[in-house]
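Hi everyone, thanks for making time today. Let me put it up on the screen.

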Amino acid sequence: MASPHGLVQYIRLKAVTSLLRLLTYVFTRSHFRPSATCKRKEVRIPSREKGRFIKAWIYYPPNYESGEPRGLVVNWHGGGYIIPNLGMDHAFCDRVARDADLLVLDADYQKAPERPFPAAVEDAEDVLRWVESQKRLFDVDRVALSGFSSGGNLALVAASELRRDFKNINVRAVYAFYPGVDFNIPAEARVVPEPIEPLPIWFQRFFTDCYVPRLE
């Protein structure tokens, strides 16, 4: 059972997160529409929780024919582990599918603070388990992982820790764009060279508190 301090912290995090989600929806939803030529299909991937599924989009190259296994890129979106941003990377996924002649699986994951660590990692693991089972669709000997921000962190975790449990999946490359890599480093100690502007310290702390809450 959570302590009173933990409950108060959760209510605060939930309130701020709800506001951020609303603002994100209002100001960015128009950018989530894929191009008219984009070939993609929604899939529901079974999770380890009975009755719950992980939403994902499969992007197809122009010359794809059903039943033809293709190399695969699995992508996870960014959003600080709190923003429901599935679909924000549609331009990236579509271009990779077209230019590299690969399938791209853009997968969702559970969000904090409602579902903190390790919920998102567990979803990433369940996605890989599903990929491993779909050998008629994917060439599991040619798999790459990608992600942006929090999704980049998931890609790195999947390529290092999770891949050990999937002997049939050959992860040949990882493309992690501006990922967070160490939650043990305090926000104020994260220094980057100029002219790169890091996120404000309070914002970094907020994301960390949501994803890895300090329940005292």
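Tyr64 sits in the loop that links strand E2, residues 53–59, with strand E3. Please keep in mind that we are looking at a predicted model. So, is Tyr64 buried or exposed? Its relative accessibility is 15%, and because the cut-off for buried is under 20%, Tyr64 counts as buried.

Which residues does Tyr64 touch, if we skip those up to four places away in sequence? They are Lys39, Arg70, Leu103 and Leu137. Arg21, on the other hand, is 43 residues from Tyr64 in sequence, with 36 Å between their C-alpha atoms.

Arg70 stands opposite Phe138 of strand E5. Strand E3 covers residues 70–76 and strand E5 covers 138–148; the two run parallel and are joined by six bridges.

Now let's zoom out to the sheet itself. It is an open sheet of six strands with mixed pairing, and the order across it is E1-E2-E4-E3-E5-E6. The edges belong to E1, residues 40–46, and E6, residues 171–177. Each of these has a single partner strand, so one side of each has no neighbour in the sheet. From one strand to the next, the twist averages 25°.

One last piece, and then I'm done. Helix H4, residues 150–160, lies across E3, E5 and E6. Relative to E5, helix H4 runs at about 140°.

How values were computed: Residues are numbered from 1 along each chain as its sequence is written. This is a predicted model: local features need pLDDT of at least 70, side-chain atom pairs count only at pLDDT 80 or more; totals for chains, interfaces and linings use all residues. Side-chain values use heavy atoms; hydrogens and water are left out. Two strands pair if DSSP finds at least two bridges between them. Helices (H or I, at least four residues) and strands (E, at least two) are DSSP runs, numbered from the N terminus. Axes are lines fitted to C-alpha atoms, for helices over the stretch in contact, and angles run from 0 to 180 degrees between N-to-C directions. Contact means heavy atoms within 4.5 Å. Buried means under 20% relative accessible area, exposed over 50%, partly exposed in between (1.4 Å probe, protein chains only).
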